Amino acid sequence: MSRFRHTLYLALMCGVVATTTGLAMQGAPAQPGQNRAQTPRPAAGSSPEVGILPVQGKVYLINLGDVNVTAQVGDEGILLVDSGPAEMADKLIAALQRRFEGKRIRQLVNTHAHPDHSGGNGAIVRASGGGGGGGRGGGGGGGLRIIAHENTFNRMSGAVDGEKERPLDERPTSTFMGEKKEIHFNGEPIEILYQPAAHTDGDVMVFFRGSDVISAGGLFATDRYPEIDAQRGGTMQGTLDALNRILDITIPKFNEQGGTRVIPGQGRLCNESDVDDYRNWMTIVKDRVQAMIKKGMTLQQVKAAKPTLDYDGVFATPRYTADMFVEAVYKDLSAATKSAPRSN
């Protein structure tokens, strides 16, 4: 069995175990070999609960059902990477207060502008004592700072055509341009790394250097096809570049296992081998679709050829089907081909 198929088999088996045992994520720290995170999904129609999984160092994976956020906790308080959807904000805040009694949320990084990752901003600002009026975006009171890339701020403030203006207390208050922003919090150096034209045009990942953990936000998910939001500047190649950047940072402990942990925006906790497998099959699909485009095949012909058939059973979902992913890849690669300079 190939390593990729073996990895997929393990991933599927982890999902079965998590479902049948009703794993409680808010338990003891993860033991060696448990990094393939058992991230339980709620039963259909039920309200998801908040699960807290210690990762390593000062970092925790916070599961909100369909979305993961990340918490770094120490003497200075709590830093969150993403706030999740608005409807889960109260549960998230309550779970953090129970688990980390006396700790206040001091920093919040938005990895991109999508509401499923940033919809809880306002509730967290209000819970931290804010309520508008401070900072560049009007939120972030009570000592809370919301950090994001400039492109994310522009979209959340409605400065980009087609974007809806978000409430003041949901907007970033500290933005940056360029490759990265560096901060120091809870005794740990943290790099906020911008990845252009990936899932959107404002994506960042967060690297906790002391804990050796990457929070990938919308750049990586283990249980679905990547959503290339072309309307907001996303591209297939940019997504692959983001995965390659993660692989540049991660250092495994042994045989691509252990070492640096990677928290995806959705799905289970990962390490380098998981990101490598995900990057590899994405490259295969890209090459397949690119070859079909060069043959002059239409979008419908490409869909009928099923270039993702090998992976549909693992990554296709009712909300984002294989056809939707193929269409996004086809349109992105077609546009890139048309814009590429012709050689003489």
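Student: In which helix do Tyr 278 and Trp 281 lie, and how many residues apart are they?

Tutor: An α-helix has 3.6 residues a turn, so residues three or four places apart point the same way. Here Tyr 278 and Trp 281 both belong to helix α7 (residues 272–294) and are three residues apart, about one turn of the helix; helices are DSSP runs of H or I with at least four residues, strands are runs of E with at least two, and both are numbered from the N terminus. This is a predicted model, in which local features need pLDDT of at least 70 and side-chain atom pairs count only at pLDDT 80 or more, while totals for chains, interfaces and linings use all residues. Residues are numbered from 1 along each chain as its sequence is written, and side-chain values use heavy atoms, with hydrogens and water left out.

Student: How many aromatic pairs does a search of the whole structure find, and what is the geometry of the pair formed by Tyr 278 and Trp 281?

Tutor: A pair of aromatic rings is described by the distance of the centres and the angle of the planes. The search finds ten aromatic pairs, and the one between Tyr 278 and Trp 281 is edge-to-face, with 5.0 Å centre to centre and 70° between the planes. Rings of Phe, Tyr and Trp (its six-membered ring) pair if their centres lie within 6.5 Å, and planes under 30 degrees apart count as stacked, over 60 as edge-to-face and the rest as tilted. Both residues are buried, a word that means under 20% relative accessible area, with exposed over 50% and partly exposed in between (1.4 Å probe, protein chains only).

Student: Why is the pair of Tyr 278 and Phe 315 edge-to-face?

Tutor: The ring centres of Tyr 278 and Phe 315 are 5.5 Å apart and their planes stand at 85°, so the pair is edge-to-face. Because Tyr 278 lies in helix α7 and Phe 315 in helix α9 (residues 312–315), the pair ties together parts that are 37 residues apart in sequence. Phe 315 counts as buried at 3% relative accessibility, and Tyr 278 does so at 4%. Ring pairs also link these residues into a cluster, whose members are Phe 220, Tyr 225, Tyr 278, Trp 281, Tyr 311, Phe 315 and Phe 325.

Student: In which sense does β4 pair with strand β3, and in which sense with strand β5?

Tutor: With β3 (residues 68–74) the sense is antiparallel, over five bridges, whereas with β5 (residues 105–109) it is parallel, over four bridges; two strands pair if DSSP finds at least two bridges between them. Val 81 in β4 is the bridge partner of Thr 70, and Val 81 also has a bridge partner in β5, namely Val 109. Two residues separate β3 and β4, which form a hairpin. Strand β4 (residues 77–81) is mostly covered, since five of its five residues are buried.

Student: How many of the residues of helix α6 are buried, and how far apart are its end C-alpha atoms?

Tutor: Ten of its 14 residues are buried, including Leu 240, Leu 243 and Leu 247. The expected span of a helix is 1.5 Å times one less than its number of residues; for α6 (residues 236–249) this should be 20 Å, and the end C-alpha atoms are 21 Å apart, which agrees.

Student: Which residues have a positive phi although they are not glycines?

Tutor: Among them are Asn 186, at about 55°, and Ala 197, at about 50°.
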